[in-house]
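Let's take a friendly walk through the salt bridges of this protein. Please have the model open as you read.

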Amino acid sequence: MTSDGMVTASPLSTGDLDGAEDFLRLGQGAIAGALLAVDPRGLGGAILLRPTHEAARRWCARLHDAMGARVSRRLPINATEDRVLGGMDLAATLARGERVVMRGVLAESDGGIVVAPLAERLLPSTTSALCDALDGGEVRLERDGIAARHAARIILIALDESAEELGDVQVASSLTDRLAFVLQLPVGQDDGWWPDASEIAAARTLLPTIDARSAARDLSHLADALGVVSLRAVLQAVRCARACAALDGRQVVTRDDVTIAGRLVLAPRATRVPPSPEQPPEAPPDQVEPPPTDGDEGESTNNAQQELPNEVLLAAIRAFLPPDLLGSANDSRGRRARSAGRRGRESNGGARGRQLRAEAGRPSAGRTLDPIATLRVAAPWQRVRRAERIRDGRSAANSLDVRRDDLRIRRFKQQSGTTTIIAVDASGSMALQRLAEAKGAVELLLAQTYVRRDKVALVAFRGAEATLLLPPTRALARAKRLVAALPGGGGTPLASAIDVVHGVAIGALREGQEVIALWLTDGRANIARDGTPGRAKAMEDATRAARSFRTLGVSAVLIDTSPRGEVSARDLAREFGGRYIPLPSAQAQDVARCVTQSRRGVDA
């Protein structure tokens, strides 16, 4: 701004952005920060993808200076609900004898910036609180007898510090949808052009007068062409275009403003690449329209212009789409499907894990007293109880009066691990080639188990009885050596193998583990429980053992490795209550893939 009060032209002026190079030269992070400073409530904030500590610190400091924020706060990692939303001030409550409410980080950051490190690991409760603050500009506290509302008009800067090989944004989709920008800051160089506080103030004054109805129409068509389905993204893009015009001192939104909004807001969210003008998509034969006549040619042209954004605008956005867009989108969906099975079932109780809200109860074995929660319940009643003691003629000294109803115990939630029990048939009915394939499949399964950080147990059965080669462990190298050295030949003591797996499964269940039992066998039992040969008695014992195993309620998968598929193996899988997978021509990769699919609950 000049000394006479006129707004000077910023680098966003119409005509200054002739192409992608000019836009990058100005600094994508700096432009996004300037727009955030102009319209913080409309744009919400930004996600910084894997920034260095120095780059994130410098960018947040410049944003703080540009918008004149009252305060900048860093959200503690794994912050409790009390720290995020607020709660009872225990010390003040005990001193006064009445509830005293303290504000949380969000309320303390009203009108300022909240920086969330490791945003991809935020607890669901924290994510929900941040979304409420971004939507309504306040936090609601309704618990522990407290009902309060505090203003929390914040800008959220989420630092996505996930591993680079995981791909794009790993922050929860509910937060990503509320933050306008996804940025990758430059390393070891200046962020680019930033406006001063006077330019930001002038732009904020001008912002309410800007009409962006035409921009909203163009950005809606552009979002449709890019496959952006979120309505919030379109609204944020419109806000971004208005902020661009305001920052440049104009009351009219131009095509350049729309282009910048598309590049900053819509391009990072694109799920498909729009067709280039040189290669328009071909319509199916049954949908080919006849050429327009002279009378309706003008009308068709107008409709086309209304339905599709300008080709020049699409061309300007196309250069800023993420590389390998479709491939990265497919990989991201695959990652989510794969990661969904890595954790076991969540269980409440126990003495370890993530602490939940305390509950009323008395301490006992396995139930630990939560002293802070107990004092929090007892504190508001101290004045009343002191008055009762005086009325009853008892001592009214300044001693803390904690009663049985005040006692609170700790509750925890933890992820149960998974134990995979692999039982391998090494009998003579397994031909040499089939046993080698089974060994290869087991090695692949062991590698997958290691990646998932699961425990694995290995059972081999041949001759007169089954043997537990490896108790539940994460020692992958040892398991591989045992599998490689596994000899073949002899009878098939299937009932004995089921009994051994049954015992291992019970031990894992007692430790709170999820259990998966994998059987690689042709199901042709010929050794009974007592070690005597005889196919009829051996199959009867195996069936009885399978029914007993079914009562455990664990997942079971039987891989039929016979050349043509055995009816006995199918019947045995039914008695297990598990899946039956016939693989008459299986290679090791086929076995491992089918077992992995069964873990995910996908039909093979």
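## About the model

This is a predicted model, in which local features need pLDDT of at least 70, side-chain atom pairs count only at pLDDT 80 or more, and totals for chains, interfaces and linings use all residues. Residues are numbered from 1 along each chain as its sequence is written, and side-chain values use heavy atoms, leaving out hydrogens and water.

Searching the whole structure gives 23 salt bridges, each being a side-chain nitrogen of Lys or Arg within 4 Å of a carboxyl oxygen of Asp or Glu. One of them pairs E108 with R83, with 3.9 Å between the closest N and O atoms. This pair links distant parts of the chain, 25 residues apart: E108 lies in helix α7 (residues 105–108) and R83 in helix α5 (residues 81–85). Helices here are DSSP runs (H or I, at least four residues), as are strands (E, at least two), numbered from the N terminus.

E108 is partly exposed at 23% relative accessible area, and R83 is partly exposed at 31%. (Buried means under 20%, exposed over 50%, partly exposed in between, with a 1.4 Å probe and protein chains only.)

D177 and R232 also form a salt bridge, at 3.2 Å between the closest N and O atoms. D177 sits in the loop between α9 (173–176) and β9 (181–183), while R232 belongs to helix α12 (residues 231–247), 55 residues apart.

## Within one helix

R574 and D571 meet at 2.9 Å, N to O. Because they are three residues apart in helix α23 (residues 567–576), about one helical turn separates them.
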